[in-house]
Amino acid sequence: MTAFRDNGAPLATDRPRPTVIVITDLIVLAKHLRLFGAAEQRGLTPLFVFGPETAAEELARHRGDPEHPLSGLPDEDVRHVTDTSVETLLNGVTSWLRDRSVRAVLNVGEVFVESAGALAQTLGLPGPGTHAASVCRNKVLQRLAAPGLAPRWTLLAPGADAPAGDWNVYPAVLKPASRMSSSGVRAVHGPDAVPPLLPDYGPGELLLLEERITGREFSVETLVRDGAALWTGITAKDTNESGTSFFTETGHTSPAPDLTPAQEESLLGANAEFLRAVRFGSGMCHAEFRLTAEGRVVLMEAAARPPGDAITRLWRLATGMDVDAALLDLALGDEPYTAPPRRRARQVYLEHPRGLLADVTAPDMPVHWVSDRGRWPDLPPLPRDAPSRGHAVLVSRHRGDLLGDLSDSGGRSVSVVLDGPLHEDLGDVAASASAGTTIHTAEPSLATAGETVR
């Protein structure tokens with residue numbers, strides 16, 4: 001029942017609740033659904049902007065699913081935009097800025113980093129800042145911003161089939177400056193290997209050629225408030241680079257095992273140097289480094305957003321903290337709850353056979369088709385000394401998808417998530433969980449035989 005003042009005006013309690021604008025895409029939101037509960041606990045209404053990576057029919061399907069949190073949102077609280085430009089984002093949110101009380105802007109995907117950063121800063125709200133957002137969207141700017149952390153590098157001029165000048169640093173890595181998910185990243189062993197790869201890139205696409213750094217790969221996740229790192233965690237990475245020319249990530253372990261105190265200090269020091277160099281404001285930074293056998297730390301790339309894959313879930317399993325709640329607190333300008341690791345968590349991507357994805361079975365773990373359902377399992381943390389165990393099998397592709405080489409992150413199909421006490425080696429439980437998971441495929445039909453296999 002609505003209550004009114006003596007003059008007929010509604011009481012303040014009837015005013016719309018303050019809001020947070022969440023900028024994302026379905027594939028990313030699927031693993032950040034705890035934002036709904038975190039917003040409710042803070043008395044906020046979430047307003048959602050979905051970008052061009054979200055298919056309209058998929059958004060409609062999930063909004064019509066009574067088990068999906070999006071189904072409870074009124075139409076006026078959801079926008080679907082066609083590109084990631086500032087102009088398009090402004091057109092999508094102008095009515096909210098006029099009619100609603102916007103307390104925060106929270107971006108949880110890669111493609112909106114720059115426009116969301118500009119919107120937050122312009123509104124005087126916490127965010128990474130326009131400079132950090134721009135640098136983190138471009139690997140060339142990252143090399144220029146933090147030259148002490150950069151590998152040796154050069155640029156390929158548009159239309160050129162070889163670098164200018166006296167570049168003769170091989171083996172090397174060819175990579176596009178602004179893509180994500182390891183897309184287009186290729187190992188090259190000599191100058192003759194570069195020209196055959198160039199047709200795979202877009203006209204005028206900015207391409208880096210840089211020395212290939214050997215050594216273990218890590219990412220450093222950081223919760224930052226007003227330039228101060230409140231929490232940092234180091235994740236170890238696995239890739240398929242040893243047997244291919246690609247650099248697709250095939251596993252993550254949080255926190256990273258087998259690091260000496262000196263190595264950990266070097267990685268955290270390099271991460272702090274990068275954050276200072278780009279003047280990172282507030283939010284979560286995900287920076288990837290190589291640590292050479294000589295102890296050199298080299299920046300591979302950085303992102304002004306939460307990490308991809310299951311890394312935020314791994315840190316929740318490892319620490320018990322709610323990363324989504326922390327992201328929202330930082331967007332509000334508040335200090336989040338943080339915690340040190342008490343367990344170790346791991347995600348392992350499985351090799352898959354070629355063919356059409358038909359089914360995935362695992363007798364000892366639940367199988368979650370996260371792309372079909374539009375949501376990831378919650379995976380609550382266990383007590384510190386609980387036995388090691390596999391938590392879930394995650395299927396990130398759809399039935400009927402063609403499976404092939406793991407040339408980038410989009411080609412992966414199935415992973416397992418597990419955790420255990422900090423002092424235990426997770427190798428055996430990871431091997432057992434992987435071996436117990438079967439990926440079933442079917443032969444492609446004539447209608448699909450000519451399609452690109454990923």
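1. A crossing of two helices is called left-handed if the near helix is turned anticlockwise from the far one by less than a right angle, and right-handed if clockwise. Helices here are DSSP runs of H or I with at least four residues, strands are runs of E with at least two, and both are numbered from the N terminus. With that in hand, α2 and α10 cross in the right-handed sense.

2. A word on the source: this is a predicted model, in which local features need pLDDT of at least 70 and side-chain atom pairs count only at pLDDT 80 or more, while totals for chains, interfaces and linings use all residues. Residues are numbered from 1 along each chain as its sequence is written, and side-chain values use heavy atoms, with hydrogens and water left out.

3. Back to the helix pair. Helix α2 (residues 34-41) packs with helix α10 (residues 323-332) at an angle of about 50°, and their axes are 8 Å apart. Axes are lines fitted to C-alpha atoms, for helices over the stretch in contact, and angles run from 0 to 180 degrees between N-to-C directions. The angle makes α2 oblique to α10 (under 35 degrees is roughly parallel, over 145 roughly antiparallel, 65 to 115 roughly perpendicular, and the rest oblique).

4. Which residues of α2 and α10 make the contact? From α2 come Arg34, Leu35, Ala38 and Ala39, and from α10 come Asp324, Ala325 and Leu328; contact means heavy atoms within 4.5 Å. Five of these residues are nonpolar, two are charged and none is polar. Ala, Val, Leu, Ile, Met, Phe, Trp, Tyr, Cys and Pro count as nonpolar, Asp, Glu, Lys and Arg as charged, and the others, Gly among them, as polar.

5. Next, look at the open sheet of nine strands, ordered β13-β12-β9-β10-β11-β14-β19-β17-β16 with mixed pairing. Two strands pair if DSSP finds at least two bridges between them. β13 (297-303) and β16 (367-369) are the edge strands, each with a single partner, so one side of each has no neighbour in the sheet. From one strand to the next, the twist averages 25°.

6. α10 touches β9 (216-225), β10 (228-239) and β12 (283-291), with its direction at about 50° to that of β9. Helix α12 (residues 427-435) touches β14 (343-349), β17 and β19 (414-421), and its direction makes about 150° with that of β19.
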